[in-house]
Amino acid sequence: MSWSLIPHLLVAGITNGSIYALIALGYCLIQNATGLVNFAQGEFVMLGAMIVIWLHNGLQIPIPIAFPISILLVAAVGMALEQGPIRRSKNRDILTLVMITIGASISLRGASMMLWGKGARIFPSIGGDSPYIFLDAAVLPQSLWIMGFSVLVLALLYFFFHRTLVGKAMRAVSDNRFGAALIGISANRLTALAFAVSGSLGALAGILVTPITSMSYDGGLMLGLKGFSAAILGGYGSVPGAVLGGIVLGLMESLGAGLISSAYKDAIAFLLLLAILFVRPAGLFGNVHVRRL
Amino acid sequence: MTEIERKEDRNTTRIAFVPSNWKALIAFTAAVMVLPAFFRNDYFYFFFNILALNAIVVLGLNLLIGSTGQVSLGHAAFYGLGAYISAISSTTYHLPLFASLVIALALVALTSFLLALPTLRLEGHYLVMATLGFNIIICIVLGQMESITGGPSGFPGIPKLRLGPWIIATDRQFYYFIWSSFIVLFTLTLNLTGSRVGRALAAIHEKELTAKTLAIPTYGYKVATFVLSAVYAGFAGFCYAHYVTFISPKTFDIFYSVQIVTMVAVGGMGSLWGGLAGTALLTSIPELLHQLEDLQVLLYGLILMAVLVGCPNGLFPAIATFVTSTASKLAGWIARRPCESSSANSAKGEGRGFQPPAPESDAPLPRRELRSTNGPLLKLDGISLSFGGLQALSDVAIQVQPGEIVALIGPNGAGKTTVLNLISGLIEPGRGTIELDGLRLSGLPPHRVAAAGIGRTFQSVQVFGSLSVLDNLLLGYHKNGRCGFISACLRTPAERCEEEGLKIQALELLESFGLAKPALHSVRRLSLVEQKILEIARALALSPRVLLLDEPAGGLNPREGEFLMRHIEALRNRGMGVVLVEHDMNMVMRLADRIYVLQQGRLIASGTPSEIRKNPLVIAAYLGSRKGRLTAESAEKIKG
């Protein structure tokens with residue numbers, strides 16, 4: 001084992017961690033708006049990438065145009081999921097609603113397999129594939145894109161939630177849905193918006209990660225679950241927790257794979273998930289939920 | 001009474017293991033035995049064998065969902081563990097089949113126990129994700145440990161099943177073996193759901209916190225159910241491995257877990273017969289759509305979503321309801337009778353009015369043993385509690401003597417309900433101690449507190465809507481039963497006997513509260529006052545030493561309130577301590593021996609009703625005062 005690997009592992013960890021953080025943020029938004037765990041989050045990631053692949057490789061649409069189209073389409077899918085099955089469910093029991101998102105996730109995966117086949121696909125990265133050397137670490141341009149976009153998204157989300165009226169209304173809804181409704185905020189509309197934003201965050205994560213790892217119809221499952229682990233790690237529902245949880249998970253996974261065994265790389269995230277549930281279920285940033293009887 | 005007794009007679013069988021609806025089970029068994037007459041080739045046997053294996057896993061998952069209200073997406077992993085562990089121990093280590101089975105089930109039970117321990121402690125949907133993660137880990141491990149599991153290419157050469165001298169080699173032999181196993185497991189599960197434990201599990205599913213205050217160890221029950229449910233899957237995995245003799249990790253991936261969950265959802269979550277129907281339907285779909293293999297995943301997803309959105313209680317229960325309602329409509333139309341005159345409506349609370357009996361002093365309540373010390377019965381000392389930055393209670397001290405009714409009053413948000421939640425163990429105090437007759441309650445989990453002798457009711461009435469009136473009351477008697485999971489599954493004579501004993505007690509108690517008539521009706525049909533009385537009766541069934549009543553008169557009209565008051569007075573005469581939180585001052589002044597007044601988490605006064613009525617601080621707290629801020633300070637002075 002050579003310690004010269006460490007800088008590479010750190011870069012890879014932060015890169016993957018940023019992706020997990022984006023996905024974890026999606027979970028977080030929907031959790032805060034509705035109290036649901038959205039199992040289709042991973043499928044948003046997969047769809048975002050598959051749509052770009054389809055637009056770029058199939059229809060020859062240049063990548064800078066394909067990106068926003070894909071993000072908007074997945075946002076629409078997210079909104080449709082909320083407006084359709086979840087809104088229309090006769091039973092408002094959380095268990096039923098969560099299971100509906102499981103159903104949605106399987107349907108999206110199945111539809112994607114029907115449309116685009118089973119093979120893994122890829123599209124070229126924006127800045128080419130020649131790495132920059134930075135302090136002994138080879139940094140791919142795509143890694144820089146990923147980190148840059150993650151920081152940008154965080155800044156935008158911060159601005160949205162703290163400086164705009166809609167964002168503040170959304171925080172109000174997640175704090176007290178009934179109270180928000182009483183002062184004239186349409187909780188329904190904001191829930192739909194949360195699903196849309198969540199969908200576009202997922203799509204962005206998928207688009208950013210695909211040039212490095214490629215994507216197939218079932219690639220969303222693993223990414224979605226790792227994003228969820230990151231969200232739990234940080235404290236479910238907490239925005240800074242989601243970001244930090246993502247980065248920590250990415251680093252641990254990359255160091256674990258590089259220094260211990262790469263065969264069990266995927267198992268690390270879930271062992272971490274189980275360990276967190278065992279030791280500190282509230283996560284790094286979560287607080288214990290107080291319930292009124 | 002007679003109607004109920006007759007019904008009881010019909011349901012009670014003295015033979016162990018025979019479930020109450022044995023007729024349906026016998027019909028089903030006969031159908032399973034006759035079915036092969038219609039099989040044209042071995043493929044049919046194979047199909048029905050796979051169906052039975054799925055049905056066993058579904059049965060276990062159904063039990064889990066029915067009792068915890070949580071879903072596992074990791075049952076494929078337990079199925080796989082059962083298969084692989086038995087395959088390895090019987091093939092690699094040449095252990096006898098029975099030993100392999102025992103090892104496999106023991107290891108499955110152990111892993112599921114370790115997985116359940118942290119996750120079932122939490123609320124929310126951690127279990128789904130934890131089991132999903134677990135399934136993925138197991139699949140990775142099975143694929144990676146090639147030297148032990150054979151890796152992705154699979155594990156060949158597993159010996160066939162044998163029962164004593166007989167080898168179960170053919171599809172046909174396995175058919176009879178696996179369906180017999182299924183029927184045995186199905187019977188065990190039916191027995192369990194119909195028992196005292198099963199009733200507690202249904203209560204946990206519906207309102208876990210309320211179940212805790214009825215002395216039901218909810219966490220332990222949930223963990224036990226999860227382990228049992230995983231063991232079912234492990235057993236199915238064992239049978240599968242020794243049936244097909246070749247296993248590979250792909251069989252046990254997430255998609256199988258999802259299929260199983262879909263079968264449960266389509267059949268109706270928590271309904272055992274429905275689960276069987278759902279399994280039959282969804283196992284046959286891939287067989288019918290052989291050419292469209294790629295469509296399967298999409299189809300599963302769409303079916304799952306459509307059923308959950310359209311008929312969340314499951315497709316088959318929905319069909320059954322539709323058929324019966326149509327049939328009764330038709331019958332009603334033929335008899336030229338309007339539907340409204342059915343018996344359902346005449347039983348409604350508001351329809352017939354509630355006719356309360358006078359409280360009797362010799363109502364069938366078990367009496368508590370004598371006191372061990374001479375101090376106060378219930379003693380709260382120096383209780384402080386804060387939620388985040390909010391100081392909810394500071395330095396509260398309350399004492400209740402036996403046979404004393406203590407009222408806790410104060411403006412909204414003063415912390416009255418919080419005090420009750422602290423006593424019943426739903427919240428832990430930040431500082432201070434709670435003692436019941438010398439026994440320290442603070443720090444005990446709610447079900448232990450309830451068992452120690454604290455009964456309570458809730459501000460908004462908490463009854464179990466899916467259960468009958470009698471079953472609701474029987475939950476209060478839960479701690480009087482001794483029979484656990486095993487005797488419940490086996491439906492032993494001792495278990496039957498115990499259950500009958502509890503029923504007799506419960507019916508007597510219902511009688512004394514005037515609720516015997518609707519005993520077998522759904523609790524949803526009761527009026528509010530009846531539900532409140534049932535809730536009090538249920539708390540009394542615990543034979544508590546202290547009863548906590550949270551706004552019993554809330555939402556009742558004066559006549560109903562009067563009736564309730566007479567019952568509470570009767571409790572005092574039995575030597576029970578009562579803590580009463582109430583806004584109705586007439587009731588408080590008439591009933592209470594002593595009153596504590598809470599304001600913003602502090603006790604500002606205590607004393608007899610006449611003292612409290614004159615206390616200037618109390619008047620200020622209720623009516624407001626020009627020196628509102630000063631009063632709180634002067635309260636400190638008076639107390640200090």
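These legends describe close-up views of a predicted model.

**View 1. Chain B as a whole.**
Chain B holds 28 helices and 12 strands. It has 640 residues, of which 47% count as buried. Among contacts in chain B with a separation of 6 or more, 74% join residues 24 or more positions apart.

**View 2. The two domains of chain B.**
Domain 1 of chain B covers residues 2-310. Domain 2 of chain B is made of two segments, 342-463 and 526-640. Where they meet, 10 residues of domain 1 are in contact with 10 residues of domain 2. On the domain 1 side, helix α10 (residues 208-212) of chain B gives the largest share, three residues. That side of domain 1 divides into five nonpolar, three polar and two charged residues.

**View 3. An open sheet in chain B.**
Four strands of chain B line up in the order β4-β3-β6-β7. The sheet is open and its pairing is antiparallel. Its edges are β4 (390-400) and β7 (439-440) of chain B, each of which pairs on one side only. Strands of a sheet pair through backbone hydrogen bonds, either parallel or antiparallel.

**View 4. The β3-β4 pair of chain B.**
Strand β3 of chain B spans residues 378-387. Seven bridges tie β3(B) to β4(B), in the antiparallel sense.

Helix α18 of chain B runs from residue 416 to 423. It lies across three strands of chain B: β3, β4 and β6 (431-436). The angle between α18(B) and β4(B) is about 65°. Helix α18 of chain B also supplies at least two residues of the side that touches chain A.

**View 5. The interface between chains A and B.**
Here 36 residues of chain B are in contact with 37 residues of chain A. Five helices of chain B each supply at least two residues of its side: α5 (97-119), α6 (126-144), α12 (254-267), α14 (295-310) and α18. The chain B side consists of 27 nonpolar residues, eight polar and one charged.

**View 6. Helix α5 of chain A and its cover.**
Which residues of α5(A) are buried? They are Gln142(A), Ser143(A), Ile146(A) and Ser150(A). Their cover includes α1 (6-34), β2 (137-139) and α8 (187-213) of chain A.

Technical notes: Residues are numbered from 1 along each chain as its sequence is written. Chains are lettered from A and ligands numbered from 1 in the order in which they are written. This is a predicted model: local features need pLDDT of at least 70, side-chain atom pairs count only at pLDDT 80 or more; totals for chains, interfaces and linings use all residues. Two strands pair if DSSP finds at least two bridges between them. Two residues are in contact if their C-beta atoms, placed from the backbone, lie within 7 Å. Axes are lines fitted to C-alpha atoms, for helices over the stretch in contact, and angles run from 0 to 180 degrees between N-to-C directions. Ala, Val, Leu, Ile, Met, Phe, Trp, Tyr, Cys and Pro count as nonpolar, Asp, Glu, Lys and Arg as charged, and the others, Gly among them, as polar. A residue is buried if 20 or more other C-beta atoms lie within 10 Å of its own, exposed if 12 or fewer, and partly exposed in between; C-beta atoms are placed from the backbone. Domain bounds come from an automatic or database domain assignment.
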